[in-house]
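This report describes selected side-chain contacts and the surroundings of the residues involved. The structure comes first, and the notes follow.

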Amino acid sequence: SYGSTKEEADKALQHFREAIEIDPKSTPAYVGIANEKTIQAMFSTATREKILNESRLAVQTAMALDPNSAEAYYVDGAIKFYGDFDWKGAEQSYKKSIELNPNNANAYIRYSAFLGAMKRHEESILMADKAVALDPISISSLHNLGWVNLIAENFKASEAAFSEALDLHPNW
């Protein structure tokens, strides 16, 4: 997952689906499908609604199998934010994810991006900093930190985060 090509994304989805064939109660596999499909919906020219419907079904299945899956909640937040434009519901899901697992950098990244879009820049940067503290070499954490500083017009901090990301991941 988190591949940069369609082939990598398709391979990840294939593996998640195979995992469900092996274990139909595999919460992480359902979360993986929901996450990957949500990412596709955000960046694809394909029909977003069809992609998001599969994502919604997968995350709802994951939450039914494990109501305490922090990963399912941050993906649910992304679906509500990017797909349904349900700001209140998205924020509730992000907060629930962090409550369930305060050590998950991805939850902070997603919540930070949401807060940045809502122009709550100080909170957004705080969440981005937490993500980087939890996963300091993650391209996602560093990219998000650069992005939220950029939209907050903290240009030096943005440049520093993007530069660090490129230093660690020169082919990005």
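## Aromatic residues

Phe 85 has a relative accessibility of 53% and therefore counts as exposed; the classes are buried under 20% relative accessible area, exposed over 50% and partly exposed in between, with a 1.4 Å probe and protein chains only. The model is a predicted one, in which local features need pLDDT of at least 70, side-chain atom pairs count only at pLDDT 80 or more, and totals for chains, interfaces and linings use all residues. Residues are numbered from 1 along each chain as its sequence is written, and side-chain values use heavy atoms, leaving out hydrogens and water.

There are 7 aromatic pairs in the structure. Rings of Phe, Tyr and Trp (its six-membered ring) pair if their centres lie within 6.5 Å; planes under 30 degrees apart count as stacked, over 60 as edge-to-face and the rest as tilted. Phe 81 and Tyr 82 form a tilted pair, because their ring centres are 4.4 Å apart and their planes are at 45°. The rings of Phe 85 and Trp 87 have centres 5.9 Å apart and planes at 75°, so this pair is edge-to-face. Trp 87 is partly exposed at 38% relative accessible area, Phe 81 is buried at 7%, and Tyr 82 is partly exposed at 25%. Ring pairs join Phe 81, Tyr 82, Phe 85, Trp 87, Tyr 94, Tyr 111 and Phe 114 into a cluster.

## Salt bridges

The whole structure contains 8 salt bridges, each defined as a side-chain nitrogen of Lys or Arg within 4 Å of a carboxyl oxygen of Asp or Glu. One of them joins Glu 54 and Lys 37 at 3.6 Å, N to O. This pair links distant parts of the chain, with Glu 54 in helix 3 (residues 48-65) and Lys 37 in helix 2, 17 residues apart. Helices here are DSSP runs (H or I, at least four residues), numbered from the N terminus. Glu 54 is partly exposed at 29% relative accessibility, whereas Lys 37 is buried at 11%.

Asp 76 and Lys 80 meet at 2.8 Å, N to O. Both lie in helix 4 (residues 70-84), and being 4 residues apart they are separated by about one helical turn. Another bridge connects Glu 123 and Arg 120, with the closest N and O atoms 2.9 Å apart. Shared partners join Glu 91, Lys 95, Arg 120 and Glu 123 into one salt-bridge network.

## Helix 2

Note on methods. Helices (H or I, at least four residues) and strands (E, at least two) are DSSP runs, numbered from the N terminus.
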